[in-house]
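Me: I'd like to walk through this one with you, one question at a time. Could you show it first?

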Amino acid sequence: MIDWVLPWLISSPLWFLTANELESEAAEQTYKVADAGFLSLLFGRWGALGETAGAALADYWGTVVLLAVGTMAAQVLFVALYDMVFHIWFGRTPGKAVCALTVVTTVPQGKPRLRLGQAFSRATVVVILPGLAWVTLFGAALELSPLLALLGVTLLVLSLIECLSLRASDQGRTCWHDRRTRTAVIPRSRVAQLQQAKEFNRRAFEQSKSAAQQLWQADPAQNAIQQAQFAARRIRESEMARRTVRQSKNLTRQVRTSTWGQAIEGRIQPLPKNDSESPPASNRPPEDR
């Protein structure tokens, strides 16, 4: 009851929009009847006034039925959306939370949240089917249509049979929509649900860690690691060689620019470029030899 009344109260402002639209439609139809009545009075066609008024009233009533049924159908769709969102995000609706109930999946076992397809299938059977039945009965009452009333009663009976088709399972008694969507409604407090979610996350983390270790130890991964290490070592060695050359050049420059370096360079005479430019050793003075 909570899961039906709460979303209906939230979506109730739709009826104010419907009332405003009906008021505008009533004013328009009144203007048409008044215009037709003035023309009928002017030309003396009293029979046409009744026909115009009857047609305007029929059009207005058709608009009333269409807007009322459409607003009620929109509320049913809002209830279905409400049911899907709460089951996907929290695994329970506010009504189930009050009753300490939780919807879990049976495949995989005990997963705390429903998938989108499961939530949609469940909402279609649990919410849309009975909601459509009541919308059809409401429209049948407004239109005084026995055919619509029969259709609404049929949908309502089908929904009742579906809810009462209970069977025993490992999770307890389940309805047809539970077996169809592979879900189950089980009594579980919020603390137990959080503990189960924590356990599920822990198992998922361990499985991911094991898969990552297997992937890391595989041959392609090890080959890639070895190639990366070899490339890093080559880069490191080349960088060290460049740094050594740069340091040697700096040290040589510092030595040459120092006082001792300049003194040594001043005492060393450059060698002759060619042997022909220097006299033979036998012709040199003794002091030169």
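Reply: What follows is a set of questions and answers on this model. It is a predicted model, in which local features need pLDDT of at least 70, side-chain atom pairs count only at pLDDT 80 or more, and totals for chains, interfaces and linings use all residues. Residues are numbered from 1 along each chain as its sequence is written, and side-chain values use heavy atoms, with hydrogens and water left out.

Me: In what order do the elements of the chain run from the N terminus on?
Reply: Helices (H or I, at least four residues) and strands (E, at least two) are DSSP runs, numbered from the N terminus. The chain has ten helices and four strands. Written from the N terminus on, the order is α-α-α-α-β-α-α-β-β-α-β-α-α-α.

Me: What percentage of the 289 residues of the chain count as buried?
Reply: Buried means under 20% relative accessible area, exposed over 50%, and partly exposed in between (1.4 Å probe, protein chains only). With that cut-off, the buried share of the 289 residues is 24%.

Me: Is Gln-75 buried or exposed?
Reply: Gln-75 sits in helix α3, residues 46–89. Its relative accessible area is 1%, so Gln-75 is buried.

Me: Which side chain makes a polar contact with the side chain of Gln-75?
Reply: Contact in general means heavy atoms within 4.5 Å. Beyond its neighbours within four places in sequence, Gln-75 is in contact with Trp-8, Ser-11, Ser-12, Leu-14 and Trp-15. At 2.9 Å, the partner side chain is that of Trp-15.

Me: Which residues does Thr-18 touch, not counting residues up to four places away in sequence?
Reply: Thr-18 belongs to helix α2, residues 13–43. Its relative accessibility is 8%, so Thr-18 counts as buried. The residues touched by Thr-18, leaving out those up to four places away in sequence, are Leu-67, Ala-68 and Thr-71.

Me: At roughly what angle do the axes of helix α5 and helix α6 cross?
Reply: Axes are lines fitted to C-alpha atoms, for helices over the stretch in contact, and angles run from 0 to 180 degrees between N-to-C directions. Helix α5 covers residues 116–143 and helix α6 residues 146–164, and their axes come within 8 Å and cross at roughly 155°.

Me: How many nonpolar residues are in the contact of α5 with α6?
Reply: Residues making the contact include Leu-129 and Pro-130 of α5 and Ser-159 of α6. Ala, Val, Leu, Ile, Met, Phe, Trp, Tyr, Cys and Pro count as nonpolar, Asp, Glu, Lys and Arg as charged, and the others, Gly among them, as polar. The contact has four polar residues, one charged, and a nonpolar count of 15.

Me: What is the phi of Leu-144, roughly?
Reply: Most residues other than glycine have a negative phi, and most peptide bonds are trans. Leu-144 is in the loop between α5 and α6, and is exposed at a relative accessible area of 72%. Although Leu-144 is not a glycine, its phi is positive, at about 55°.

Methods: Polar contact = N/O pair within 3.5 Å; in protein donor to acceptor, adjacent residues only side chain to side chain.
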